[in-house]
Amino acid sequence: MDINESSSGRRKTFMRILMIEDDKKLCASVKFQLEKQGYAVDVCHDGEEGLFLMKERAHDCVLLDRMLPGMDGLSVLKNARISGVRTPVILLTALGDLQDKVAGLDMGADDYIVKPFAFEELTARIRSTLRRPLVWTDEHILSYGDISYDSAQKTLSRYDVSCSLSRREGDLMELFLRNPAQTLPRLLILTRVWGPDAEIEDGNLDNYIYFLRRRLKSLKSSLSIKSVRGVGYRLEDTDV
């Protein structure tokens, strides 16, 4: 998963961030700025709820305050890592001493930023933390098999033939393309595409899977979305 920005600074890929921070004004400000760049942002204000949300593995990155009510940030991080959560975590804290940074990094944080911070520094840290040399072929083009997806234009293409996707179709397709040949549980798909607090019927996901299957069929693609009974869905290349 790689975050890339155009020359105008606007993000071109679908990415969901969790911010665990008890300063509600700071949360509102960061959420507003990140959403302006195209990120999806969920916030919570105490450690226990934050740990619960981290364990859902619904996010690409976590911004975690060290000083939290209920459970402090380091305890949240420690418990999340023990539970097998590997989501990148950036600690946000007013504790800037070297030993504080070392303690956070040793506990499993991927980066550490001291308050107060410039928003530009935060976004740079997010980009750096999430940079992955995966299947990105351009700043907003994602490819697998015979399919390319342009997240800026919401366009799905096979060679010189293309079709447009709705925003929800595009977010769902991008999730599959970032995790090819992997079975994605229904709950993970719902929380990643619709959000952990969204109230939607299970059938909505099936409808969008049907839409994407029609798109792939119309392009005569070798890719197919397979149902995994009792679990979820998997994007496969039938030519492999």
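Which strand is Asp 111 found in? I looked this up to begin with, and Asp 111 turned out to sit in strand 5, which covers residues 111-114. I note here that the model is predicted.

**Entry 1: the chain as a whole**

I counted the secondary structure of the protein chain and got 8 helices and 13 strands. The chain has 240 residues, and 49% of them are buried. I then turned to contacts between residues at least 6 apart in sequence; 60% of these join residues at least 24 apart.

I traced an open sheet of 5 strands, in the order 2-1-3-4-5, with parallel pairing. A reminder to myself: strands of a sheet pair through backbone hydrogen bonds, either parallel or antiparallel. Strand 2 (40-44) and strand 5 are the edge strands, since each of them pairs on one side only. Direction ignored, neighbouring strands of this sheet are turned by 20° against each other on average.

Strand 4 (residues 89-93) pairs with strand 5 in the parallel sense, over 4 bridges. Leu 91 has Tyr 112 of strand 5 as its bridge partner.

**Entry 2: helices on the sheet**

Which strands does helix 2 touch? I found strand 1 (16-20), strand 2, strand 3 (61-65) and strand 4. The direction of helix 2 makes about 160° with that of strand 1. Helix 4 (residues 98-106) lies across strand 4 and strand 5, and runs at about 145° to strand 5.

Is Gly 50 buried or exposed? Its relative accessibility is 0%, so Gly 50 counts as buried; the cut-off for buried is under 20%. Not counting residues up to four places away in sequence, Gly 50 touches Leu 18, Ile 20 and Cys 44. I also checked Met 71, which is 21 residues from Gly 50 along the chain; the two C-alpha atoms are separated by 9.1 Å.

**Entry 3: back to Asp 111**

Asp 111 has 15% relative accessibility and therefore counts as buried. What joins the side chains of Asp 111 and Arg 125? I found a polar contact of 2.8 Å. I left aside the neighbours of Asp 111 within four places in sequence and listed its other contacts: Val 89, Ile 90, Leu 91, Leu 105, Arg 125 and Thr 129.

**Entry 4: a hairpin**

Strand 9 (residues 155-158) and strand 10 (residues 161-164) pair in the antiparallel sense, over 4 bridges. Ser 157 stands opposite Ser 162 in strand 10. The hairpin has 2 residues between the strands, and Tyr 159 takes a positive phi near 55°.

**Entry 5: helix 6 against helix 8**

Two packed helices are described by the angle between their axes and the distance between the axes. I looked up both values for helix 6 (residues 167-178) and helix 8 (residues 202-218): their axes come within 10 Å and cross at roughly 80°. Helix 6 and helix 8 are therefore roughly perpendicular to each other; angles of 65 to 115 degrees count as such.

Which residues make the contact? From helix 6 I listed Arg 168, Glu 169, Leu 172, Met 173 and Phe 176. From helix 8 I listed Leu 205, Tyr 208, Ile 209, Phe 211, Leu 212 and Arg 215. Sorted by type, the residues of this contact are 8 nonpolar, no polar and 3 charged.

**Entry 6: helix 7 against helix 8**

Helix 7 (residues 186-193) packs with helix 8 at an angle of about 85°, and their axes are 11 Å apart. That makes helix 7 roughly perpendicular to helix 8. On the helix 7 side the contact is made by Arg 186, Ile 189 and Leu 190, and on the helix 8 side by Asp 202, Leu 205 and Asp 206. The residues here divide into 3 nonpolar, no polar and 3 charged.

Which residues of helix 7 are buried? I noted Ile 189, Leu 190, Thr 191, Arg 192 and Val 193. What covers them includes strand 1, helix 6, strand 11 (183-185), helix 8 and strand 13 (232-237). Just after helix 7, I found Gly 195 with a positive phi of about 105°.

Methods. Residues numbered from 1 in each chain as written. Predicted model: local features only at pLDDT ≥ 70, side-chain atom pairs only at ≥ 80, totals over all residues. Heavy atoms only, no water. Axes fitted to C-alpha atoms, helices over the stretch in contact; angles between N-to-C directions. Parallel < 35°, antiparallel > 145°, perpendicular 65-115°, else oblique. Contact = heavy atoms within 4.5 Å. Nonpolar A, V, L, I, M, F, W, Y, C, P; charged D, E, K, R; others polar. Pairing = 2+ DSSP bridges. Buried < 20%, exposed > 50% of the residue type's maximum accessible area, 1.4 Å probe, protein only. Polar contact = N/O pair within 3.5 Å; in protein donor to acceptor, adjacent residues only side chain to side chain.
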